[in-house]
Amino acid sequence: MLSQSGSVGELELPSALSSSTRASLEQRARVEREELINDTMRLRWLSVLGAISWISFGFQDWIVVKFGGESSLEFFWGLRALGLVPITIVVWVFMRVRRLPRWSLTLMDIGIFTMAQMAMGLMCLEYGGITSRYITGVVIALVARGSALAAPWKRGLYLVGTPVLAFPAVLLVAAWFRPDIRAQFSDTKALSIFFQSLWVTVASLGICVWGGHGTWAVRRQLFEARSIGRYRLKHCIGRGGMGEVWEAYHAGLHRDVALKILRPDQDANPVAVRRFEQEVAAMSRLTHPNTVRVFDYGVTEDGIWYYAMELLNGQTLFELVRCEIRLTVPRALTIAHQVARALAEAHARGIVHRDIKPENIFITQAGDEPDFVKVLDFGIAKLVHDAENPSITRTGTIFGTPAYMSPEAARGEPMDARSDVYGVGALLYFMLAGHPPFPNLKPTEVIMAHAQRRVPPLAELAGLEVPASVDSLVMRCLEKPAERRFADAAALVAALAELLRDPANALASEPPPPPVLITL
C-alpha cells in the first residue's frame, strides 16, 4: 500500500514488495512531489497576477458608477478591499513557503477562487442582477485559473467547478430575500440572458478542464521520461551563462544530486565545451570538505555534457548577508577561514579559482555545525600545470566578477593564487561592511577602481567597529601589488587561524544561529 504523510507523499513501503514494485512506487511518489512543486509555483504567480487584476478592475467599477449611475463606488471598492485581504494572505503564504501539502494547496486554491466568484455574484446583485455585465468577470476568473491548471480531469473538475458553482448559488439565494432578483427569474428575457451566460461559463469550464488534463498528461510524461545519462531530471535550480543546474535522481545510488549540464545552445561551441571540461577537471581533483564534491561526469550518446555533484541545503553567502545586513567578526572570520582552506588545497594542486564572490560561496549545515562552507563554480578556473588552450585563455582577457575582481584581473593580466587571496579579502570586506569594496558604481567603473583606486579601510567606514588586526588582514589581502598580499591561500589560512585564536576575535560562547535552510 502507498500512504502519504506530512507534506509531499513520503512512502511507507512493506518489505515484502519486490524491488521492481518498490522502484515503481518510489518513482510515482517522486513524480507526484515534482507535480506538487510545479503546481505550487504556478499558483504562486497566478495569485500575484490575480491580486493585481483584482485591484485594476476597480477602474471598471468607477466607469460603472460614473456612467451607469446605478450603484455607489463605496460598495464596489469596499468589496474589493475586503476581497484583497484573503488574496494578500494567499500571496504572502506562497512567497514564504516553498512547499505546501497537497490538501493545503487544494484548500487555498478552491477557497480563493470561490471567494472571487462569490464577490462577482454580489457585484451582480448591486448592478443589473442576473443580467449584469459583471458576469463576464466570472469567465475571466475561470480562464485565469485554467491558464495555470495542470491536473487530471477529475481533480480539475472540482478545482475549477466548485468555485464556479458559487456564482449562481449567490444569485439563487439572493432571490429568496430580494423581490427584484426574484422578479428577474420570472422574466423570460432576463432569464434567457442569465442561462446564456451560464452556458458560456460551463463551456469555458469544460475547455479549461480538458486543457488542464492535457497539460498534466504531457507534463507527467516529461517528468517520467527526461533523463541525462543515469540521472532523471527533476527540476531546474539554477542557470548561468554556460550551463544549467538541475536537481536529479540517481536510481542506483537512491539519492538526489545536483546535475550541471552544458546548455544545449552551447554544446557546439568548442570554447564552452573546453571550459566545461576544465571545470570538471578542476573540481574532480579536489577532495577538501569545503569544496563541493563531484560524483560523476561524462557526455551522453546525444552529446550532452554533464557532471553530478552533491545537492546542498542552505543559501549563498550573498543571500545570507542580504538577510543579516552584515556579519559579526567571529562569524565572518570562520567563513573566510573555511573558504581559504578549500582554496589552499586548490592552490596546492595548481588550480586558481579566479571567480571568488559571495554567490559562489554556499553556506550549509554539516551535522550540528552551522555555517559550513562549500566553494562552488570552478567554471573559469585556471589549471596552472596544464597546457592552456590559447582559444580559452588569452592575455588581455578579463575573468571574474567586477565587484570582487583582483587588480591584475581588471587589467587583463595573468592571475595566480594571490588573485584568489584578493577575492577572499573582498569577501571579508563584504561580510563585515555589508557591501563590496566599491559599491554604487557601474561595472566598468568598479573594474577601473580595483585596478587603480585604494580600497577604503573598514576602520574608515561610519558606524563599523572592526578590530585593527582584522582590518589589517583584510587590507593586506586587498593590496594592489600582488607581491604585498599573502603568497597563497595556505598563508592566508594560517593568518586567519591566528586571528580566530586571538581572545579579542574569539567565537562567542553561544554558536551563531544556523542559516535559513532552503531546499534546492
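**Surface patch, cores, strands and salt bridges**

Ile-63 is partly exposed, with a relative accessible area of 33%. The residue sits in helix α2 (residues 58–68). These values come from a predicted model. Ile-63 belongs to a nonpolar surface patch of about 570 Å². Helix α2 supplies the largest share of the patch, with 4 residues. Ile-63 qualifies as partly exposed because its 33% lies between the 20% limit for buried and the 50% limit for exposed residues.

The largest nonpolar core contains 69 residues. Within this core, Leu-317 and Leu-428 have the most contacts. A second core is separate and holds 41 residues. Among them are Ala-51, Val-64, Tyr-127 and Leu-171.

Strand β3 spans residues 243–250 and is mostly covered, with 8 of its 8 residues buried. The cover extends to both faces. Gly-243, Val-245, Glu-247 and Tyr-249 are buried on one side. Glu-244, Trp-246, Ala-248 and His-250 are buried on the other.

Strand β3 pairs with two strands, β2 and β4. Strand β2 covers residues 231–239 and runs antiparallel to β3, with 7 bridges between the two. One of the pairings sets Tyr-231 against His-250 of β3. Strand β4 (residues 255–262) is also antiparallel to β3, and 8 bridges join them. Here Glu-247 has Ala-258 of β4 as its bridge partner. Strands β3 and β4 make a hairpin, with 4 residues between them. In the turn, His-254 has a positive phi of about 55°.

Charged pairs were considered last. Side chains of opposite charge can pair when their charged atoms come close. The model contains 16 salt bridges. One of them joins the side chains of Glu-310 and Lys-374, with an N to O distance of 2.9 Å. Glu-310 lies in the loop between β6 (305–309) and β7 (315–316), whereas Lys-374 lies in strand β10 (residues 369–375), so the pair ties together parts that are 64 residues apart in sequence. Both Glu-310 and Lys-374 are buried.

Strand β10 also holds Asp-371. Asp-371 forms a salt bridge with Arg-331, and their closest N and O atoms are 2.6 Å apart. Arg-331 is part of helix α11 (residues 329–348), so this pair ties the helix to β10 across 40 residues of sequence. Arg-331 and Asp-371 are both buried.

The pair of Asp-416 and Arg-418 forms a salt bridge too, with the closest N and O atoms 2.7 Å apart. Asp-416 is partly exposed, at 29% relative accessibility. Arg-418 is likewise partly exposed, with a relative accessible area of 25%. Elsewhere, a network of salt bridges links Asp-39, Arg-102 and Arg-155.

Methods:
Residues are numbered from 1 along each chain as its sequence is written. This is a predicted model: local features need pLDDT of at least 70, side-chain atom pairs count only at pLDDT 80 or more; totals for chains, interfaces and linings use all residues. Side-chain values use heavy atoms; hydrogens and water are left out. A nonpolar core is a set of buried Ala, Val, Leu, Ile, Met, Phe, Trp, Tyr and Cys residues joined through side-chain atoms within 4.5 Å. Buried means under 20% relative accessible area, exposed over 50%, partly exposed in between (1.4 Å probe, protein chains only). Two strands pair if DSSP finds at least two bridges between them. Patches are made of residues with over 30% relative accessible area and no salt bridge: like charges are joined within 9 Å, nonpolar side chains (Val, Leu, Ile, Met, Phe, Trp, Tyr) within 5 Å. Accessible areas come from the Shrake-Rupley method with a 1.4 Å probe; for residues, only the protein chains shown count as cover. A salt bridge is a side-chain nitrogen of Lys or Arg within 4 Å of a carboxyl oxygen of Asp or Glu.
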